[in-house]
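Here is a short briefing on one protein model. It starts with a hairpin, then widens to the whole fold and returns to selected strands and residues.

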Amino acid sequence: MKVLVVGGGGREHALAWKCAQESRVTRVFVAPGNAGTALEAKVQNVDIAADDLAALVAFAAAERIDLTIIGPEGPLVAGIVDRFTDAGLACFGPTRAAARLEGSKAYTKKFLRRHRIPTASHATFTRANFDAAHVRAQRLPLVVKADGLAAGKGVVICETHDEALAACERMLGGAFGTAGETIVVEEFLAGEEVSFIVIANDQDVLPLATSQDHKRRDDGDRGPNTGGMGAYSPAPIVTPELHARIMSEVIAPTLAGLRADGTPYTGFLYAGLMIAPDGTPNVLEFNCRFGDPETQPILMRLEADLPALCEAALHGRLGGSEAGWDRRAAVGVVMAAGGYPEAFGKGEPIAGLEDAARLPGKVFHAATKREGDSIVTNGGRVLCAVGLGETVAAARVQAYDLVAAIHWNLVQYRRDIGHRAIARENLAGDAAEDF
Ligand code: AMP
């Protein structure tokens, strides 16, 4: 069996690594991949950009690829699954119409409201109907979002009305191009964030292991928002009761709503949730693909054959499938270029990768490339070091041992990934001792 993974980040390295573990998979191509995917057994990079849909279809047809898995949202929102399907090729992901759930926040807010799925209250504006008085009348803090894809940077949490109005002006003024022509101004929700990811096929659904990520750049969940500085799985906040609420109040009505709207959903569906103090799972956003960096720790724990799960979904046989999870916890720490998420340098040689490869755990590459004999940085989030352990605390030790083995000029990473889960573990430990 030949698999093609589209994308070149840490998520795609993890997807390719996982697919290559199956003995019936003879080859995994990654387009365009990175220096890490190139090093994996059975894995080969292909020099085609993830948004070059025509070239990807042509490659998959010529190579007789049996299954294509799409990593990033860009090609999904652009309709890559429709293009592959039209060409008679199996491609795992939502159609262009279903991927609007990630491609337009204004559409998604309307969808959530229509199907009575819990979410923050909001208003949608364009330049033509922008109402500054309405913004000024809202309670603080306020969240301002660009409607379209903005690489995780189109969300601003504003502490004052002046800040909120400035953020609206910036977006409507073109700071995110067409993605900001429509904006959503949303109520700020307090609580704890959870990533809930499922494999879906119309209304059949297989929930994946729970996870939590750390969006802010700095320790203590401070500093600017990023694409994600680390993640861990499982997320102890997701008790069986909360799991059941998320399935019945968010996932089931979302898939039923998509079907009722004529856009049934196949693919990974990622719900970014804010769990309110009363346990209500409010939807912050949907992603139409696997999360990055959640994919890395989740796939470290997945025991099932991933290509088989994707094929089962594509052929309507998902019901009855089981994932199977390593009961150990996994913690992934993102190592980023200095300056990220603002301006950062590229081309820094990375030292210590071979030493890290001899340690337990796994280093997934994100923005890396080979230059002669060395591997150099090639973007903001460069690597994700994942450790496994009996507890989140033990997994974190393994992850940071990997991090300590690796270095480059101006590397930055958080030192507290998993802190909330570890605080919960400590509380549970104290309670057990009291007992
Ligand atoms: P989004 O891309 O919509 O998930 O937003 C990115 C991040 O901004 C989220 O992961 C949250 O940390 C934060 N965020 C978004 N919307 C809200 C909200 N209504 N209340 C509080 N935080 C939010």
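Strands β16 and β17 form a hairpin, with five residues between them. In its turn, Gly279 has a positive phi of about 90 degrees. This is a predicted model, in which local features need pLDDT of at least 70, side-chain atom pairs count only at pLDDT 80 or more, and totals for chains, interfaces and linings use all residues. Residues are numbered from 1 along each chain as its sequence is written, and side-chain values use heavy atoms, with hydrogens and water left out.

**The hairpin**
- Strand β16 covers residues 266–275 and pairs with β17 in the antiparallel sense over six bridges. Two strands pair if DSSP finds at least two bridges between them.
- Ile275 has Pro281 of β17 as its bridge partner.
- Five of the seven residues of β17 (residues 281–287) are buried, so this strand is largely enclosed by the rest of the structure. Buried means under 20% relative accessible area, exposed over 50%, and partly exposed in between (1.4 Å probe, protein chains only).

**Overall fold**
- The protein has 15 helices and 22 strands. Both are DSSP runs numbered from the N terminus: helices are H or I with at least four residues, strands are E with at least two.
- The radius of gyration is 21 Å, close to the 22 Å that the globule rule gives for 435 residues, so the protein is as compact as a globular protein of that length. The radius is taken over C-alpha atoms, and the rule is 2.2 Å times the number of residues to the power 0.38.
- The C-alpha trace spans about 60 × 55 × 50 Å along its principal axes.
- Of the 435 residues, 56% are buried.
- Among contacts between residues at least 6 apart in sequence, 67% join residues at least 24 apart. Contact means heavy atoms within 4.5 Å.

**Surface**
- The protein exposes about 17700 Å², and carbon and sulfur atoms supply 50% of it. Accessible areas come from the Shrake-Rupley method with a 1.4 Å probe; for residues, only the protein chains shown count as cover.

**The parallel sheet**
- Five strands form an open sheet in the order β3-β2-β1-β4-β5, with parallel pairing.
- β3 (43–45) and β5 (91–92) stand at the edges, each with a single partner strand, so one side of each is left without a neighbour in the sheet.
- Strand β2 (residues 27–32) runs parallel to β3, and three bridges join them. Phe29 has Gln44 of β3 as its bridge partner.

**Strand β9 and its partners**
- Five of the six residues of β9 (residues 182–187) are buried, so this strand is largely enclosed by the rest of the structure.
- Strand β6 (residues 122–126) pairs with β9 in the antiparallel sense over five bridges. Thr124 stands opposite Val184 of β9.
- Strand β7 (residues 142–146) also pairs with β9 in the antiparallel sense, over five bridges. Here Leu142 has Glu187 of β9 as its bridge partner.

**Two residues**
- Asp218 lies in strand β13 (residues 216–218). At 26% relative accessibility, Asp218 counts as partly exposed.
- Asp218 touches Gly223, Pro224 and Arg414, not counting residues up to four places away in sequence. The C-alpha atoms of Asp218 and Met229 are separated by 8.6 Å.
- Thr295 lies in helix α11 (residues 295–301). Thr295 is buried, with a relative accessible area of 0%.
- Leaving aside neighbours within four places in sequence, Thr295 contacts Arg11, Ala14, Leu15 and Phe290.
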